[in-house]
Amino acid sequence: MGPYRVENAVILAAGLPANPAPLSYEKPKGALVVRGEALIERLIRQLKEAGIQDITVVSGFLGEQLSYLEDAFGVRLVINDSYRERGSSSSVKRVEGLLGNTYLCSAETWYQDNPFAPYEYDSYRAAIPAEDGADTWALRGHAYWSREFSSAFVKLLDSIYDDPATVDASWEQIAAEHAGELPALQIRRYDRDALRVFDSLDDVQRFDPGFIDRVDSEILDNICTTLACARRQLSGFVPIKRGMTNQSVRFEVDGVPYVYRHPGYGSQEITNRFSETFSQQVASKLGIDTTFVYEDCDKGWKISRFVENTIPFDYHNKAHVAEAMRIASALHNSGARSDFFFDIHEDTLKQIGLLDDKRRALFPEFAELLEAASALNEDVRAQGVAPVLSHNDFYDQNFLVTEDRMDLIDWEFSGMSDYASDLGVFICCCPDYTYEDALQIFEMYFGRTPTKDELFHCVAYTAVVSFHWLVWALYKDVCGEPVGEFLDFYYRYTKLFCSKALEMKRNQ
C-alpha cells in the first residue's frame, strides 16, 4: 500500500449531542433519518464507495441503537464508556492503535456529494463558510490524518491525557493548542451546501420538509399529546440547559413559548419525581409557580411555560426579598402534606460519607463544625416544630422574576421539611449577607419580630443548612467541579451561625 493510500476511517459517534434538541436526548445524532437515510448509514456508504472498507464506529451515548451497523455494514464497533465525562479526545484515545492514514469523521454530517477518495496527499480539516458572512471559515465535518500526523497526535495525547485540563477537550482543541508540536493540518474548503451539520430541529425540517412528521420520537409525541397540538405547530427548539440531572429545551407552539425538560442519566436515582410532581401541583394551585403545565412522575419529563423578559433576582432588592418571603410563607402555611420527607442534615451525613478522610482533614475545623451542626440539628428537632411542605432549594437561581411577578421553580428537592430549611438556604446562598441581614429575613418571613424560640430555631437551622452546602461544595470539588469562592462563603456562614446559635443556647 503506497504512502498516500487511505487505510481506514473512524466515525466518532459517542458524545452527548446538544442538537437537534430534543431528538438528541433520545437517539444518537447519527441515527437521524434525513431524506430517507440515517446520517451514519449514508456516511458509511460513501466511505465504502471510495474504497474505504476498514471502518470503525466509536459509540457511547445510546450506543445500543448503533449496534446493528456491525452486521448490516461490516464495520467495527468500539465503545467509549467515558463519553459523559470527557470530550471527543477520549474517543480518539480508544482507537489510537488504529490510526494511520485515516479519515476521522463525525457521525452527524450529511454530505451532498461523496468527499472521500482512496488517496490523500495532505492532512486536512474540512471547513465551510462561517454563518456571520465574514470571510472566515468554520471547521465542520471530517478530517484526514496522515500516518505522520496520527503518530504525532497519539504521542501528544498519551502525554497529556491524564491532565485535568484535557478532560473536556475535543481532539480539535488539543490540535489547535499544540499546533506547533504537530505536522501541519491544512484547511480544505467546501461550499456551504456541500456538507451539513444540523444545529437545530428547525434546520433539519427546512432541509427535509416533512421530517418532523416522520421522525420516530416519544418526546415529540409527549409534547403534542400534552399540549393538544400537531407536530407541524412546533418550532424554535433551542437547548437552554444541559447537565447530568436534566436537559431542557425551549420551543414554541404557534408562537407560544414552552420548556420541555428531559430527565438526565441516573436522575431517577437521585430525584424523587413523585415528590416533585406533587409539590409542583401544589405550587401551581397556590399561584407561586405559574409555569407548571405537566409532569410525568414515572418517566420524569416535564413541560412548563417559558417566561419571557426575566430579570435576575436581587438579594438586596427589598421588593424581591419580600415577595420571596411571601412565597415561602404561602407554601409553608398551605396545609399541603406530602408523603415525602427531606431531612437536610441526614443528606449532609450521606455526602460526608462520600468524602475521604484526607479531603476532610484538609479543610480547617471540619470535625468541629460537624459536631456543632449535628448538636444544633438535635436542638431544633427537640423543639418539636412540625414539618411543612418546603422547597429545599430556595435561592436566587430558582426564582423567575419579571416586572409583574415572581415564580419559584425547580422543585426536585421538595418535600416535608423544617420551615427554616428554606430560610437557611436563602440566606447562605447570598454571598454577602450579614447576620443583621439574616435577622431582617426572619422578620420579613414572620411578618413580625420572631419569638426567642423562633429566633434560635432559625439561626440554628441556618447553621445546619450552611454546613450542608459546605459539604456539598467540598464534594463538588472532589468530583472536579469546584464552586470557587462559594465554598468560602458556606464556610463563613457555617462558622457565623454556629457561633451565634451556640451563644444563644448558652444564654438561655
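Which residues are buried in H10? In this predicted model, local features need pLDDT of at least 70 and side-chain atom pairs count only at pLDDT 80 or more, while totals for chains, interfaces and linings use all residues. Residues are numbered from 1 along each chain as its sequence is written, and side-chain values use heavy atoms, with hydrogens and water left out.

The buried residues of H10 include Arg273, Ser275, Glu276 and Thr277. Ser279, Gln280, Val282 and Ala283 are buried in H10 as well. Buried means under 20% relative accessible area, exposed over 50%, and partly exposed in between (1.4 Å probe, protein chains only). Helices (H or I, at least four residues) and strands (E, at least two) are DSSP runs, numbered from the N terminus. H10 covers residues 273-286, 14 residues in total. Its first and last C-alpha atoms lie 20 Å apart, close to the 20 Å expected at 1.5 Å a residue. That expected span is 1.5 Å times one less than the number of residues. At the start of H10, a side-chain oxygen of Asn272 comes to within 3.1 Å of the backbone nitrogen of Phe274.

Helix H8 spans residues 218-227. Its buried residues are Ile219, Leu220, Asn222, Ile223, Cys224 and Leu227. An α-helix has 3.6 residues a turn, so residues three or four places apart point the same way. Ser217 caps the N-terminal end of H8, with a side-chain oxygen 3.4 Å from the backbone nitrogen of Ile219. Ala228 follows H8 and has a positive phi, near 50°.

Phe306 sits in the loop between strand E16 (302-305) and helix H11 (318-332). Phe306 counts as partly exposed because its relative accessibility is 26%. Leaving out residues up to four places away in sequence, Phe306 touches Ile240, Arg250, Pro257, Tyr258 and Val259. Contact means heavy atoms within 4.5 Å. Phe306 and Asp296 are 10 residues apart in sequence, and their C-alpha atoms are 18 Å apart in space.

The protein chain as a whole contains 18 helices and 20 strands. Its C-alpha atoms fill a box of roughly 90 × 55 × 45 Å along the principal axes. Of its 508 residues, 52% count as buried. Among contacts with a separation of 6 or more, 70% join residues 24 or more positions apart. The chain carries 50 positive and 79 negative side chains, and the centres of the two sets lie 2 Å apart. Lys and Arg count as positive and Asp and Glu as negative, with His and the chain ends not counted. Each charge is placed at NZ of Lys, CZ of Arg, CG of Asp or CD of Glu.

Conventions
Polar contact = N/O pair within 3.5 Å; in protein donor to acceptor, adjacent residues only side chain to side chain.
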